[in-house]
Amino acid sequence: MLVVHYRGRPEAALRDVSLQARRGRVTAVAGPNGSGKSTLVRVLVGAQPIASGSIEIDGIDARRLGRLERARKIAVITQREEPVFALPVREYVALGRYPHEGPWRGATAEDESAVGVAIEQAELGALADRSTQQLSGGEWQRVRLARALAQGGDALVLDEPTTFLDIAHEMAMFELFAAIARAGRAVLLVSHQLNLVARFADDLVLLHRGLVVASGTPADVMQAHTLEQVYDWPVVVTRDPAHAGVPSLIPLRRPRSEAAQ
Amino acid sequence: MIRHLFWIGTALALVALVIAAVAFGAVPIPLGSVVDGLAGHGDPAAVAIIRELRLPRVALALLVGAGLGMAGAALQGSLRNPLAEPYLLGVSGGAAVGAVIATTAGLGGAATLPLAAFAGAALATGAALLVARAAGGHADNRVLLMAGVMIGAFANAAIMVALSGAPAESVRGALWWMMGSVADASWPSVAWLGAYTLAAGIALLALAREIDVLALGAEPASGLGLDAARAGRRIFLLSSLLAAATVASAGLVGFVGLVVPHVVRGAGVRRHRPLIAGCALAGATLVVGADLAARVLRPPGELPLGAVTAMIGVPFFLVQLRRLS
């Protein structure tokens with residue numbers, strides 16, 4: 001269980017946010033640009049200090065955990081990561097084992113097997129010896145996912161992991177996230193893709209200006225009036241034609257008279 | 001396969017260049033006598049030339065190259081900048097200022113000079129990083145380099161000012177030193193540089209996995225449990241210490257830290273522990289070779305070592321710059 005409660009300065013990106021991500025479930029965090037989604041991720045990475053409040057991992061205050069211990073429990077995929085120096089995919093994935101290594105220790109059998117399992121789970125077998133600079137956008141995101149899986153732990157945090165991916169690659173990634181959650185991890189997914197989130201997430205947290213506006217199942221949260229207020233744009237929420245009981249969001253065009261102004 | 005070839009080939013090249021560098025000089029020594037002379041047999045004059053003149057010079061060149069190669073690899077990886085190296089980042093320039101100030105203040109001993117150079121290097125790199133940050137160029141590799149080149153130019157100016165009042169004789173000596181040279185090598189300076197290079201090199205090898213992680217970027221590194229800011233500072237300081245120690249004993253030898261890591265990475269050595277070790281080996285080979293070239297190319301005079309490495313490094317830099325943009 002992960003509880004984030006962060007309260008900062010008046011202009012803070014997260015003012016009063018409380019949420020939890022449970023094992024075995026995909027918990028999605030959505031909201032407009034600047035709503036505090038990425039700040040939430042930065043807090044979880046430890047790159048951003050908390051003004052007040054706490055993060056708990058399995059009931060333990062994260063600040064009482066050392067950095068490495070925290071990294072052994074939560075793996076995070078940040079929004080942007082551009083490789084500067086090429087590495088073979090397998091060695092890149094093996095970097096996920098860093099929090100388990102000592103300064104001089106080589107890879108143990110446990111490390112090797114974690115790397116192998118991660119490569120398999122992310123469906124990268126054919127690419128294991130390829131260089132990270134010879135990957136397509138979709139392959140690179142899967143390689144990053146594999147690194148996070150190799151890191152181990154019970155929680156996986158993903159910040160906009162499907163930006164720049166086409167439909168097939170995006171769907172494949174979401175299927176992977178769901179499979180990872182089913183295998184027992186808590187998956188916290190920050191995403192703009194409300195319609196995919198509605199299909200794949202078990203819980204949805206809607207952020208706006210650093211506050212939680214709504215949380216619950218996607219069907220509960222994705223109400224037209226809530227979304228219109230939060231995104232400041234007219235929308236219609238219908239039913240997903242492919243999945244019973246799943247809401248689907250359609251942003252509307254402005255009426256012609258208004259658009260002309 | 002190419003990796004094994006790199007290690008074996010570079011080691012053989014180093015051995016061959018060391019022997020050639022000992023044999024060549026104003027008094028040529030036949031190859032057969034070189035081995036005898038190294039062991040202390042044969043013509044006493046040859047033994048003295050080898051042991052007191054040629055060998056310290058070769059050893060100094062070897063250490064300078066090893067130090068600069070390791071510093072370059074560590075800086076490039078931790079700063080995520082394939083163009084980073086001590087000379088271009090202003091580290092060496094700052095070290096030179098520190099060393100000149102220490103020399104004019106009468107603190108130019110083989111032990112203290114590297115420390116003064118290190119203080120200057122640390123100040124210069126701190127300034128370069130601050131300037132780059134103020135310019136908002138954290139994401140752009142080239143801004144940090146511009147800041148470094150500017151700091152280096154300022155350091156040069158500071159040295160000129162410091163020397164403008166000095167007697168002509170010492171200006172000439174200092175100028176030679178600013179162009180980089182291992183001609184004045186002596187065993188004590190070799191021993192001190194060896195100690196600094198060994199200590200900082202081992203420390204960098206111990207931190208090599210942190211450099212692997214830092215090379216992913218600050219946020220991914222934090223996600224893996226590394227205190228990226230602290231690790232970055234530590235590696236920066238160690239690299240500066242290495243560079244400063246080489247500057248204190250051989251002056252400004254540029255571009256070795258730039259060229260060598262690219263060559264070693266190109267041979268398939270990617271993780272930073274073998275990369276740093278490989279850069280020590282390849283850097284030593286490059287500088288021993290460059291110093292030999294400096295002595296051979298225009299007899300009976302010598303070219304400045306820094307000029308030879310720059311002749312190799314500048315075209316290389318331009319190729320890398322093209323590849324970046």
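Q: Axes are lines fitted to C-alpha atoms, for helices over the stretch in contact, and angles run from 0 to 180 degrees between N-to-C directions. With that in hand, at roughly what angle do helix 5 of chain B and helix 11 of chain B cross?
A: A heads-up: this is a predicted model, in which local features need pLDDT of at least 70, side-chain atom pairs count only at pLDDT 80 or more, and totals for chains, interfaces and linings use all residues. Residues are numbered from 1 along each chain as its sequence is written, while chains are lettered from A and ligands numbered from 1 in the order in which they are written. Helices are DSSP runs of H or I with at least four residues, strands are runs of E with at least two, and both are numbered from the N terminus. Helix 5 (residues 112-134) of chain B has its axis come within 8 Å of that of helix 11 of chain B, and the two cross at roughly 130°.

Q: Which word describes how helix 5 of chain B lies to helix 11 of chain B?
A: Angles under 35 degrees count as roughly parallel, over 145 as roughly antiparallel, 65 to 115 as roughly perpendicular, and the rest as oblique. The crossing angle here is roughly 130°, so helix 5 of chain B is, to helix 11 of chain B, oblique.

Q: How many nonpolar residues are there in the contact of helix 5 of chain B with helix 11 of chain B?
A: Two residues are in contact if their C-beta atoms, placed from the backbone, lie within 7 Å. Among the residues making this contact are L113(B), P114(B) and F118(B) of helix 5 of chain B, plus F236(B) and V247(B) of helix 11 of chain B. Ala, Val, Leu, Ile, Met, Phe, Trp, Tyr, Cys and Pro count as nonpolar, Asp, Glu, Lys and Arg as charged, and the others, Gly among them, as polar. There are no charged residues and 2 polar ones in this contact, while the nonpolar count is 14.

Q: Is helix 8 of chain B roughly parallel or roughly antiparallel to helix 11 of chain B?
A: Helix 8 (residues 187-206) of chain B and helix 11 (residues 228-250) of chain B have axes 9 Å apart and pack at about 165°. That angle is why the pair counts as roughly antiparallel.

Q: Is the crossing of helix 8 of chain B with helix 11 of chain B left-handed or right-handed?
A: A crossing is left-handed if the near helix is turned anticlockwise from the far one by less than a right angle, and right-handed if clockwise. Helix 5 of chain B passes helix 11 of chain B in a right-handed crossing. For helix 8 of chain B passing helix 11 of chain B, the crossing is left-handed.

Q: How far apart are the axes of helix 3 of chain B and helix 13 of chain B?
A: This pair has a right-handed crossing, and its contact divides into 18 nonpolar, 7 polar and 1 charged residues. Helix 13 covers residues 272-296 of chain B and packs against helix 3 of chain B at an angle of about 140°, with an axis separation of 6 Å.

Q: Is I180(A) buried or exposed?
A: A residue is buried if 20 or more other C-beta atoms lie within 10 Å of its own, exposed if 12 or fewer, and partly exposed in between, with C-beta atoms placed from the backbone. I180(A) sits in helix 6 (residues 167-182) of chain A. It has 20 C-beta neighbours inside 10 Å, so I180(A) counts as buried.

Q: How far apart in space are G180(B) and R209(B), C-alpha to C-alpha?
A: G180(B) lies in the loop between helix 7 (168-178) and helix 8 of chain B, and counts as buried because it has 28 C-beta neighbours inside 10 Å. Beyond four places in sequence, its contacts include A250(B), L252(B) and P304(B). R209(B) is 29 residues from G180(B) in sequence, and their separation in space is 32 Å.

Q: What value is phi of D58(A) near?
A: D58(A) is in the loop between strand 4 (55-57) and strand 5 (60-61) of chain A. Most residues other than glycine have a negative phi. D58(A) is not glycine, yet its phi is positive, near 50°.

Q: Which helix supplies the largest share of the side of chain B that touches chain A?
A: Here 21 residues of chain B are in contact with 21 residues of chain A. Helix 9 (208-214) and helix 10 (218-223) of chain B each supply at least two residues of that side. The largest share, 5 residues, comes from helix 10 of chain B.
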